[in-house]
Amino acid sequence: MAKRVDNWVEWMDGLAEAGMRRIASMSGRRSLLHKAGTIFVGGAILPMLPYDNSNGVSHAAEPQVGGTIPDDCQYWRYCSLHGGLCSKCGGSVTQCPPGTTPSKVAWVGTCRNPRDNKDYLVSYNDCCGKAGQCGDSCTRQERDRPGYRMGLASESSWCVANGQQGVHCTVAIVVGLAE
């Protein structure tokens with residue numbers, strides 16, 4: 001009986017050795033190390049990747065009276081706004097009015113929502129194309145940077161990237177939580 005077990009173990013060793021030699025002849029050590037490293041690193045990084053678990057609900061969504069966001073310049077979302085509100089010009093808080101196009105570049109502000117006491121990133125896009133600004137201008141510019149470099153100040157002409165010089169109004173889009 002012991003001889004049979006020895007023969008079977010020897011046969012399994014030979015089979016495993018032949019398989020390993022075949023794999024080694026088809027691929028080099030570097031290839032094996034590369035694949036193993038990819039698996040290990042990928043397995044370690046995969047749990048760290050961001051994913052959206054909000055089920056389509058905006059973090060900064062808050063119920064308003066009548067379902068609208070106020071046109072008041074003192075509203076928390078407009079903390080870094082410099083320009084007229086598009087909601088007073090035929091557009092909305094997040095959409096440009098007809099006849100205008102959103103600027104291809106924007107500035108981002110960090111605004112604190114007093115309801116939940118959290119900071120949110122808000123993207124401000126100028127709506128370009130129509131001459132003249134509509135409505136009253138909001139100029140809050142909280143935590144605004146000085147204009148020594150294009151892109152750091154809200155007073156830059158953001159419609160230059162569109163090829164249209166006229167700034168008509170500005171939209172304020174909540175991008176997400178500032179963490």
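The model is a predicted one.

**Surroundings of N125**
- The side chains of N125 and S123 are joined by a polar contact of 3.0 Å.
- Leaving aside residues up to four places away in sequence, N125 touches S103, V105 and A106, and also C169, T170, V171 and I173.

**Nonpolar cores**
- The largest nonpolar core has 17 residues, and those with the most contacts inside it are W76, Y78, L81, C111, V122 and Y124.
- At least two residues of this core come from each of β3 (107-113), β4 and β6 (167-177), and β4 gives the most, with three residues.
- Another core, of six residues, lies apart from this one and includes C86, C89, C127 and V171.
- V122, when residues up to four places away in sequence are not counted, touches R77, W107, V108, G109 and C111 as well as A172, I173, V174 and V175.

**Aromatic rings**
- Four aromatic pairs are found in a search of the whole structure, and in one of them the rings of W76 and Y120 have their centres 5.5 Å apart and their planes at 45 degrees, so the pair is tilted.
- This pair links distant parts of the chain, 44 residues apart, with W76 in the loop between α2 (29-45) and β1 (82-84) and Y120 in strand β4.
- W76 is buried at a relative accessible area of 7%, and Y120 is likewise buried, at 1%.
- Y75, W76, Y78 and Y120 are linked into a cluster by ring pairs.

**Disulfides**
- The count of disulfides comes to three.
- C79 is joined to C111 with an S to S distance of 1.9 Å, and because C79 lies in the loop between α2 and β1 while C111 lies in strand β3, the pair ties together parts that are 32 residues apart in sequence.
- The link of C79 and C111 is left-handed, with -80 degrees about the S-S bond; C79 counts as buried at 2% relative accessibility, as does C111 at 0%.
- A disulfide of 2.0 Å, S to S, joins C86 to C169, and this link is right-handed, with 95 degrees about the S-S bond.
- C86 sits in the loop between β1 and β2 (101-102) and C169 in strand β6, 83 residues apart, and both cysteines are buried.
- C96 and C127 are joined by a disulfide with an S to S distance of 1.9 Å, and the torsion about their S-S bond is about -80 degrees, so the disulfide is left-handed.
- C96 belongs to the loop between β1 and β2 and C127 to strand β4, 31 residues apart, and C127 counts as buried at 0% relative accessibility.

Technical notes: Residues are numbered from 1 along each chain as its sequence is written. This is a predicted model: local features need pLDDT of at least 70, side-chain atom pairs count only at pLDDT 80 or more; totals for chains, interfaces and linings use all residues. Side-chain values use heavy atoms; hydrogens and water are left out. A polar contact is a pair of N or O atoms within 3.5 Å; within protein, one must be able to donate a hydrogen and the other to accept it, and residues adjacent in sequence count only if both atoms are side-chain atoms. Contact means heavy atoms within 4.5 Å. A nonpolar core is a set of buried Ala, Val, Leu, Ile, Met, Phe, Trp, Tyr and Cys residues joined through side-chain atoms within 4.5 Å. Buried means under 20% relative accessible area, exposed over 50%, partly exposed in between (1.4 Å probe, protein chains only). Helices (H or I, at least four residues) and strands (E, at least two) are DSSP runs, numbered from the N terminus. Rings of Phe, Tyr and Trp (its six-membered ring) pair if their centres lie within 6.5 Å; planes under 30 degrees apart count as stacked, over 60 as edge-to-face and the rest as tilted. A disulfide is a pair of cysteine sulfur atoms within 2.5 Å.
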